[in-house]
Amino acid sequence: MRRVLVLSGAGLSAQSGISTFRDHDGLWEQYDVMQVCSTQGWQADRDLVTRFYNARREDLRDKQPNAMHLELTRLERRYGNRIVHLTQNVDDLMEKAGVKQVVHLHGTLRDLRCERCEEVWDVAYAPQNGNDLCPYCGSAQVRHNVVMFGEAAPMYRHIAEAMDTCDCFVAVGTSGQVIDIVSIAQRFERSILINPNRERYFGYFIDEHFTHFMQKGAVEAAKELGALIEAHLDA
Ligand SMILES: [Zn+2]
């Protein structure tokens with residue numbers, strides 16, 4: 001049975017108004033990326049890092065899913081687990097749109113995590129205030145649940161799993177700077193890239209490694225992608 005792997009990145013949520021460090025605006029301008037997104041930064045100043053993630057979490061509160069999030073939800077409702085959603089995004093827009101099964105490869109902003117027992121719990125948009133205790137083991141060693149530079153990303157095992165079970169790869173709004181989408185695409189006979197820009201990879205354009213390229217934003221490509229996936233899964 002045919003199955004489709006959809007890997008999404010910052011470009012998907014950017015059109016819902018969620019900024020990233022590549023945009024150099026708003027939230028991110030006040031911080032140095034390595035200070036707030038690396039294990040060294042975390043060790044150096046936990047309060048600063050906590051304030052940064054509190055602000056990012058609060059920023060999600062009023063953000064709404066866009067046409068691509070809704071299209072991905074529609075496809076999941078129609079095809080169930082024949083669509084595998086992996087996302088690099090740490091926001092909750094897929095969930096807000098109604099997607100039931102999505103793996104957050106880089107963690108989630110809405111959750112806190114216990115450094116002692118590794119359990120994770122949802123705090124919605126509430127700030128971590130320094131007095132948080134783990135509801136599972138009572139430890140005060142509580143942190144945000146976003147994967148930082150310098151630590152393992154255990155959810156990456158889902159990429160390898162999906163590469164074994166899927167026969168079509170879709171990359172939406174990811175530049176390939178963190179996860180090497182070219183080497184993933186090369187393993188598929190059918191691959192679709194959606195990105196408004198042509199990005200380079202070792203001197204070649206990334207899109208040349210995909211069988212299908214839509215040079216569009218996620219929102220503008222939503223309907224066309226839906227039709228392509230339906231044609232693939234219904235064949
Ligand atoms: Zn705990």
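This note goes through the domains, the nonpolar cores and the pairing of some strands.

1. The model is predicted: local features need pLDDT of at least 70, side-chain atom pairs count only at pLDDT 80 or more, and totals for chains, interfaces and linings use all residues. Residues are numbered from 1 along each chain as its sequence is written.

2. Domain 1 (4–18 + 64–106 + 152–234) and domain 2 (19–62 + 108–146) make up the division of the protein; the bounds come from an automatic or database domain assignment. Their C-alpha centres are 25 Å apart.

3. The largest nonpolar core contains 36 residues, and Leu5, Val6 and Val170 have the most contacts inside it. Such a core is a set of buried Ala, Val, Leu, Ile, Met, Phe, Trp, Tyr and Cys residues joined through C-beta atoms within 7 Å. A residue is buried if 20 or more other C-beta atoms lie within 10 Å of its own, exposed if 12 or fewer, and partly exposed in between, with C-beta atoms placed from the backbone. A second, separate core has 10 residues, among them Val49 and Phe52.

4. Strand 8 has 4 of its 5 residues buried, so the rest of the structure largely encloses this strand. Strands (E, at least two residues) and helices (H or I, at least four) are DSSP runs, numbered from the N terminus.

5. Strand 8 pairs with strand 7 in the parallel sense over 5 bridges; pairing requires that DSSP finds at least two bridges between the strands. Cysteine 168 is opposite arginine 190 of strand 8. Strand 8 also runs parallel to strand 11 (residues 212–214), joined by 3 bridges. There, histidine 212 is the bridge partner of isoleucine 192.
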